[in-house]
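Welcome to this set of exercises on reading a protein model. Keep the structure open beside you, try each task, and then follow the solution step by step.

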Amino acid sequence: MRYRPRRWLPSLLAAALLAGAAVPASGADERQAIQLEPADRAHCLARMRMFQEVNNAILRATLAGDMEAVRRAALSAVPPPHRDPDLRGEVPARATGMAGGEGRQGAGPAQGRRSGAGGEPGQGRRGDGPGPPRQGRMQALMPEAYQGMMHTQYEAYQAIARDAEAVGEPRHTQEQLARLQDTCVACHSAYRFSR
Ligand code: HEC
């Protein structure tokens, strides 16, 4: 089977290059390093593992023909502050094993903001520990292209959730999931985390 053209990928990669990222054909060690404090790095990696779980849950749900499970899984990957307003009150976002889960502060009202109460100090609670709250730190630290790809990914999860209801076709979801995973791949070829 031939790959379908990925129309948006060139512009993402171009954006990554503009931001100074090396995108080697080999994918070896020329990825741009993003320096993070250990707690922030652990938080980001925990979220990454959550994305992988969610993708598998979506795939399994399509195999079972359970489109409601597709919708719920897809939405659970998107923290309410990053959702379109009409989806903010739906299915809670997944916790990532770190205190605070996805209840990060951000633009707009964030349900789930309080979900981190009782977690380990400095491990994902907004405003805990030294320095400014995580969301602000992240925005300062993450290259624009990185944030753009994350945004693309959240849009894609929301599209999967909407279409699970509106279209209701497992195969359509699988195509959307394959495209979404192009974003995972693009970002992983461009960036790594370091201390
Ligand atoms: C905007 C950038 C970006 C996107 C989008 C992205 N990732 Fe990542 N991901 C990273 C970076 C950076 C790392 C750390 C890689 C390193 O340091 O070697 C990472 C690491 C991971 C890891 C390893 C976690 C660990 O504990 O070591 C997994 C699994 C992962 N990502 C899954 C995904 C999946 C699945 C998607 C798509 C749904 C995705 N990521 C989308 C940037 C991204």
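**Exercise 1. A histidine and its surroundings**

Is His43 buried or exposed?

*Solution.* Before starting, note that this is a predicted model, in which local features need pLDDT of at least 70, side-chain atom pairs count only at pLDDT 80 or more, and totals for chains, interfaces and linings use all residues. Residues are numbered from 1 along each chain as its sequence is written.

Step 1: recall the cut-offs. A residue is buried if 20 or more other C-beta atoms lie within 10 Å of its own, exposed if 12 or fewer, and partly exposed in between, with C-beta atoms placed from the backbone.

Step 2: apply them. His43 has 23 other C-beta atoms within 10 Å, so His43 is buried.

**Exercise 2. The overall plan**

How many helices and strands does the chain have?

*Solution.* Step 1: count them. There are six helices and two strands; helices (H or I, at least four residues) and strands (E, at least two) are DSSP runs, numbered from the N terminus.

Step 1: Along the sequence the pattern reads α-β-α-α-α-α-α-β.

Step 2: The chain has 195 residues, and 32% of them count as buried. Among contacts with a separation of 6 or more, 58% come from residues 24 or more positions apart.

**Exercise 3. How the helices pack**

Describe how α2 packs with α6 and with α3, and then how α3 packs with α5.

*Solution.* Step 1: take α2 and α6. They pack at an angle of about 160°, with their axes 9 Å apart. Axes are lines fitted to C-alpha atoms, for helices over the stretch in contact, and angles run from 0 to 180 degrees between N-to-C directions. The two helices are therefore roughly antiparallel to each other; that label covers angles over 145 degrees, while those under 35 count as roughly parallel, 65 to 115 as roughly perpendicular and the rest as oblique.

Step 1: take α2 and α3. Their axes come within 8 Å and cross at roughly 170°, which means that α2 is roughly antiparallel to α3. Val54, Ala57, Ile58, Ala61 and Thr62 of α2 meet Ala69, Val70, Ala73, Ala74 and Ser76 of α3. By class, this contact has eight nonpolar, two polar and no charged residues. Ala, Val, Leu, Ile, Met, Phe, Trp, Tyr, Cys and Pro count as nonpolar, Asp, Glu, Lys and Arg as charged, and the others, Gly among them, as polar.

Step 2: take α3 and α5. Their axes come within 8 Å and cross at roughly 160°, so these helices are roughly antiparallel too. On α3 the residues are Met67, Val70, Arg71, Ala74 and Leu75, and on α5 they are Tyr157, Ile160, Ala161, Ala164 and Glu165. This contact divides into eight nonpolar, no polar and two charged residues.

**Exercise 4. The residues around the ligand**

Which residues come nearest to the ligand?

*Solution.* Step 1: of the 19 residues around the ligand, Leu45, Met48, Cys184, Cys187 and Arg192 come nearest. A residue is near a molecule or strand if its C-beta atom, placed from the backbone, lies within 6 Å of it.

Step 1: α2 (38–64), α5 (144–166), α6 (170–190) and β2 (191–194) each supply at least two residues of this shell.

Step 2: by class, the shell has 11 nonpolar, six polar and two charged residues.

Definitions and conventions:
Two residues are in contact if their C-beta atoms, placed from the backbone, lie within 7 Å.
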